[in-house]
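Open the model in your viewer and keep the selection panel at hand. This tour goes from one stop to the next.

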Amino acid sequence: MVDNISQDLKSGALFYHRHPRPGKLEIQPTKPLGNQRDLALAYSPGVAAPCQAILEDPEEAALLTSRQNLVGVISNGTAVLGLGDIGALASKPVMEGKAVLFKKFAGIDVFDIELAERNVDRLVDIIAALEPTFGGINLEDIKSPECFELEERLQARMGIPVFHDDQHGTAIIVGAAVTNALELAGKRIEDVKIVTSGAGAAALACLNLLVSLGAKRENIWVTDIEGVVYEGRPVLMDRWKGVYAQNTDARTLADVIGDADVFLGLSAGGVLKPEYLARMAPNPLVLALANPHPEIMPELAEATRPDAMICTGRSDYPNQVNNVLCFPYIFRGALDVAATTINEAMKTAAVKAIAALARESPSDVVARAYGGEAHPFGRNSLIPSPFDPRLILRIAPAVAQAAMESGVARRPLEDLAAYADSLIRFVFRSGFIMKPLFARAKADPRRVIYAEGEDERVLRATQAIIEEGIARPILIGRPAVVEARLKRFGLSMEPGRDFELVNPEDDPRYRDYVATYIEAAGRKGITPDAAKTLVRTNTTVIGALAVQRGDADALICGLEGRFDSRLKHIKDIIGLAPAARALAAMSLVITPKGVYFLADTHVQPDPSAEQIADMTIACASHVRRFGLSPSIALLSHSDFGSADTPSACKMRDALALLRERAPDLEVDGEMQADTALSEITRERVFPGSRLQGAANVLIMPNLDAANIAFQFTKALADALPVGPILIGPAKPAHILSPSVTARGIVNITAVAVVEAQSRPAAQI
């Protein structure tokens with residue numbers, strides 16, 4: 001795997017894991033510890049009360065500790081995906097990464113535990129002894145066949161779920177893909193011929209689950225590095241693989257592939273030759289899941305067999321088989337009913353829920369995430385999108401219900417519908433809100449010009465942007481300086497090959513740019529001599545002129561200097577969009593409690609009611625690009641008429657204007673911040689508000705309030721900021737703050753590219 005990634009990506013990954021502090025996880029208290037009484041309740045002497053309660057009734061541990069929301073991700077590092085047997089210590093970054101996915105997608109806490117132990121007996125003893133700590137165990141990256149025995153023995157010994165995701169996560173997604181592909185092909189699972197390439201943990205788990213769904217063992221043909229798994233084979237056999245041994249003289253994949261309905265590849269790139277695929281049955285399903293090089297590339301498969309349905313493990317093709325589609329939500333459902341295991345009924349329920357979701361009408365959220373191009377159920381949509389917020393809403397309740405019906409739920413739910421409604425709290429709280437924009441940007445990358453092209457953060461961001469393929473970068477900078485810094489920072493990208501470099505001291509378009517500047521800003525105090533100087537020395541001016549002339553599609557600037565001066569250059573050169581009467585700025589903060597857009601954080605000191613209405617409508621349009629429905633609160637110190645100060649009256653007037661101009665917009669006000677974020681509080685203050693749930697767009701009465709709220713949230717809420725996003729210029733242009741990180745530059749680049757995609761050609 002390491003050999004398949006670039007040196008720059010390796011460098012970036014190491015930087016990411018080292019800074020600003022090592023690793024990807026931390027532990028934080030969930031209760032206040034602000035005074036002596038808090039300490040007495042949290043520890044001695046108060047902690048004796050919950051200890052005694054658990055001693056008397058062990059089920060109380062679920063209510064008095066974090067155990068029921070805590071999963072152990074455990075590995076010995078013997079089969080790390082793409083890296084092989086690297087050992088326990090080297091596997092720790094992978095296990096931390098798995099922990100992050102649990103937390104981000106389903107709110108599940110994780111301790112990652114790396115065990116320097118290979119003996120199955122000792123592993124069983126060690127892991128089983130951890131049962132008092134955890135509500136569930138996720139085994140990860142343990143080689144076969146030991147993983148089979150380890151899971152089997154732990155499941156028999158422990159009273160909590162033990163789930164080897166490498167096996168069952170893959171199997172569940174494969175099961176959903178097979179279910180839907182066979183429906184499209186008009187085939188029955190009990191009739192189809194299944195051929196595998198690969199007989200490791202994931203492949204055998206897939207086959208076991210397909211059998212539980214109705215596939216016949218006699219119709220399954222397994223091949224591995226030694227060829228066909230046949231009765232009496234003397235090498236590379238074990239009792240788990242032996243279940244699928246056939247009484248046959250066939251010895252190779254080529255011998256058994258004929259008339260196969262399903263090819264399941266979990267082996268190596270290029271194994272499925274075009275001539276093999278040509279011999280498969282009509283409308284075959286090809287699951288080419290080797291990563292990063294599938295058993296057959298989708299383009300070659302489609303050229304060979306246009307009737308084939310194709311799944312890969314890659315994110316850049318349709319039908320990606322990705323475990324993250326299921327494992328967080330399966331554990332969510334299992335933990336919430338205190339399941340003692342994750343049994344076949346629960347796995348089957350997950351398969352059916354995923355398959356059924358793919359057949360539903362595309363979510364509005366998914367459609368917006370893909371720029372309105374979410375595909376309905378079909379050959380290229382056998383599996384739901386990983387951006388679909390309905391995944392947790394469908395899978396977790398299905399798993400919980402199956403646990404209850406199969407008798408393994410220690411704490412059954414009284415109201416399954418209410419439980420499903422409660423899961424909405426996890427939707428869009430994942431911190432993965434930028435993923436839809438990255439997907440859209442990558443599909444149609446545009447030219448983005450960076451005014452501070454010599455800055456280390458821009459250079460590191462440019463490398464990431466090139467790796468991701470989300471934009472075509474143009475850097476403004478002196479060639480000698482840029483090349484020296486690329487060498488210093490260990491970046492291998494090259495100007496001319498990977499990005500365009502504009503030399504401000506010697507650009508052949510200098511005279512044309514000066515003429516354009518004089519034409520655009522000549523009546524705004526810019527003399528010809530000043531224009532000549534600025535086009536040589538001011539990189540924001542150069543970048544804005546490039547966008548205005550069509551040499552770039554979007555501008556990003558602001559890492560150095562004053563926001564106001566850059567704003568003036570953008571307004572003078574690029575101007576306002578046809579419907580805009582003023583510029584404004586919206587900032588996104590991604591917090592552990594949700595995603596919030598704040599405006600106006602940087603531009604208008606004291607906007608009028610008219611300007612607030614304009615800003616609100618423009619913000620709503622931008623928010624929809626993130627795949628979100630805007631729920632807007634007009635904020636004030638006043639709560640629905642509780643005060644008549646000028647700022648409160650202004651927000652009231654803005655609401656009246658919005659009711660006229662955008663009657664379908666979900667907006668209300670004026671209201672205080674806690675009222676905006678709590679529906680319970682809002683119902684108490686003003687029953688029947690048009691705003692539903694917590695607001696995700698917060699419009700402030702003035703610049704002071706908006707900027708203070710933005711900076712305060714960044715500092716205290718462990719928030720990831722994105723922006724500011726400049727609203728209102730005729731062409732995409734964004735001014736960042738000097739404190740922005742390379743990651744922030746990458747994020748705003750995706751925003752700018754998607755914005756450029758949505759502009760009419762004439763405006764770009």
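How many bridges join β1 to strand β3? Four, and the two strands run parallel. Bear in mind that this is a predicted model.

**Stop 1: strand β1.** Select residues 70–75. Six of the six residues are buried, so the rest of the structure largely encloses β1. Check both faces. Leu-70, Gly-72 and Ile-74 are buried on one side; Val-71, Val-73 and Ser-75 are buried on the other.

**Stop 2: the neighbours of β1.** Ile-113 in β2 is the bridge partner of Ile-74. Helix α5, residues 92–106, carries the chain from β1 to β2 in a right-handed β-α-β crossover.

**Stop 3: salt bridges.** The model has 48 of them. Start with Lys-187 and Asp-261, whose side chains meet at 2.8 Å, N to O. Lys-187 sits in the loop between α8 and β5, and Asp-261 in the loop between α11 and β8, so the pair ties together parts 74 residues apart in sequence. Lys-187 is partly exposed at 21% relative accessibility, while Asp-261 is buried at 11%.

Next, select Asp-455 and Arg-457, a salt bridge at 3.0 Å, N to O. Asp-455 is buried at 12%; Arg-457 is partly exposed at 22%.

**Last stop: a network.** Select Arg-509 and Asp-507, joined by a salt bridge at 3.0 Å, N to O. Then widen the selection: salt bridges with shared partners join Glu-500, Asp-507, Arg-509, Asp-512, Arg-549 and Asp-551 into one network.

Conventions:
Residues are numbered from 1 along each chain as its sequence is written. This is a predicted model: local features need pLDDT of at least 70, side-chain atom pairs count only at pLDDT 80 or more; totals for chains, interfaces and linings use all residues. Side-chain values use heavy atoms; hydrogens and water are left out. Buried means under 20% relative accessible area, exposed over 50%, partly exposed in between (1.4 Å probe, protein chains only). Two strands pair if DSSP finds at least two bridges between them. A crossover is right-handed if, with the strands pointing away from the viewer, the path from the first strand over the helix to the second runs clockwise. A salt bridge is a side-chain nitrogen of Lys or Arg within 4 Å of a carboxyl oxygen of Asp or Glu.
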